[in-house]
Amino acid sequence: MGPDSDSDSASNPNGGWGGRAQGLFVKAAVLIGGAVLLKRLTKSKTRWDHARIVADSLSGEKFSKEQASRDPDNFFNIRMLTCPAAEMVDGSKLLYLEQAFWRTPQKPFRQRFYMVKPCPKELKCDVEVSSYAIREVEEYKNFCDRPRDQRPLPEEVIGDIGEHLTTIHLRRCDRGKRCLYEGSTPPGGFPNSWNGATYSTSELAVLKNNEIHTWDRGFDDDGNQVWGVKAGPYEFKPAPSSSYSDMFSPLNFPPQQFLEKRIEGSFVLQE
């Protein structure tokens, strides 16, 4: 070793090792910090997180306008409006849902309560969505459009939960799919007697950007479909900023006789 090296070692006896140790310490700190940050960012969601995401995605004003434009022979431009109505003691979210034709939102043909909560731990699913009939249903028309002080109180809402209709079990969608959650009623569906049916099935998919796909159908004892759309699920997308001219779109004014015939085959109307 030459004289220059000896001189450097004498002036800084810890030179080489100290620098390397400091560098290793900085790298370790960066790696640990990155790992902590990554863990926070990728922290797995709780069962209640999934239920909240589904409840939030269902809520709001949505339309099937785009689908009705593509396939007017099978789909109407339907307005679906959903909002929080109450919270149960166990934390389950109770939503009020109504569906109406776009041009007559004040006259819903379907009104339901939806209860959203985590799936029971023994089932292989993430979120349970159950639908219920509504007692005193007339009092709930346009519930979501009203100021809060003009709606039934949460305790009244809970008291008006009627007959259980269906339950859908949702699971998180696989990576790469358009949906966030999807699911259906159990095999065999639930009892239903409308229009000659003996049971009904429901499918639900929650997509990105709060898009919702629903498919409700009724079947007789022989497995023949007796009500509901046959072409596929309804696709509801959040309300766009509509123009005044949309009001007079032919999609919103089908001939009355044709309309009534198609309604009977497509929907379970309010009982």
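Asp-126 is buried, at 15% relative accessibility, where buried means under 20% relative accessible area, exposed over 50%, and partly exposed in between (1.4 Å probe, protein chains only). The structure is a predicted model, in which local features need pLDDT of at least 70, side-chain atom pairs count only at pLDDT 80 or more, and totals for chains, interfaces and linings use all residues. Residues are numbered from 1 along each chain as its sequence is written, and side-chain values use heavy atoms, with hydrogens and water left out.

The side chain of Asp-126 meets that of Arg-172 in a salt bridge, 3.2 Å from N to O; the term stands for a side-chain nitrogen of Lys or Arg within 4 Å of a carboxyl oxygen of Asp or Glu. This pair links distant parts of the chain, with Arg-172 in strand 6 (residues 161–172) and Asp-126 in the loop between strand 4 and strand 5 (127–134), 46 residues apart. Helices (H or I, at least four residues) and strands (E, at least two) are DSSP runs, numbered from the N terminus. Arg-172 counts as partly exposed because its relative accessibility is 49%.

Side chains of opposite charge can pair when their charged atoms come close. Over the whole structure, a search finds 13 salt bridges. Another of them joins Glu-182 and Lys-177 at 2.6 Å, N to O. Both ends are partly exposed: Glu-182 has 33% relative accessibility, and Lys-177 has 38%.

Arg-70 is exposed, since its relative accessibility is 53%. The two side chains make a polar contact as well, at 3.0 Å. Such a contact is a pair of N or O atoms within 3.5 Å; within protein, one must be able to donate a hydrogen and the other to accept it, and residues adjacent in sequence count only if both atoms are side-chain atoms.

Strand 12 covers residues 234–238. Leaving aside neighbours within four places in sequence, Glu-235 is in contact with Phe-63, Ser-64, Gln-67, Arg-70, Glu-211, Ile-212 and His-213, contact being heavy atoms within 4.5 Å.

The aromatic rings come next. Rings of Phe, Tyr and Trp (its six-membered ring) pair if their centres lie within 6.5 Å; planes under 30 degrees apart count as stacked, over 60 as edge-to-face and the rest as tilted. The count by this rule is eleven aromatic pairs. Phe-75 sits in the loop between helix 4 (65–70) and strand 2 (78–87), and Tyr-234 in strand 12, 159 residues apart. Phe-75 is buried at 5% relative accessibility, and Tyr-234 is buried with a relative accessible area of 5%.

Tyr-96 and Phe-113 form another edge-to-face pair, at 6.4 Å centre to centre and 75° between the planes. Tyr-96 belongs to strand 3 (residues 93–101) and Phe-113 to strand 4 (residues 110–118), 17 residues apart. Tyr-96 is buried, with a relative accessible area of 0%, and the value for Phe-113, also buried, is 0%. Ring pairs link Tyr-96, Phe-113, Tyr-140 and Phe-143 into a cluster.
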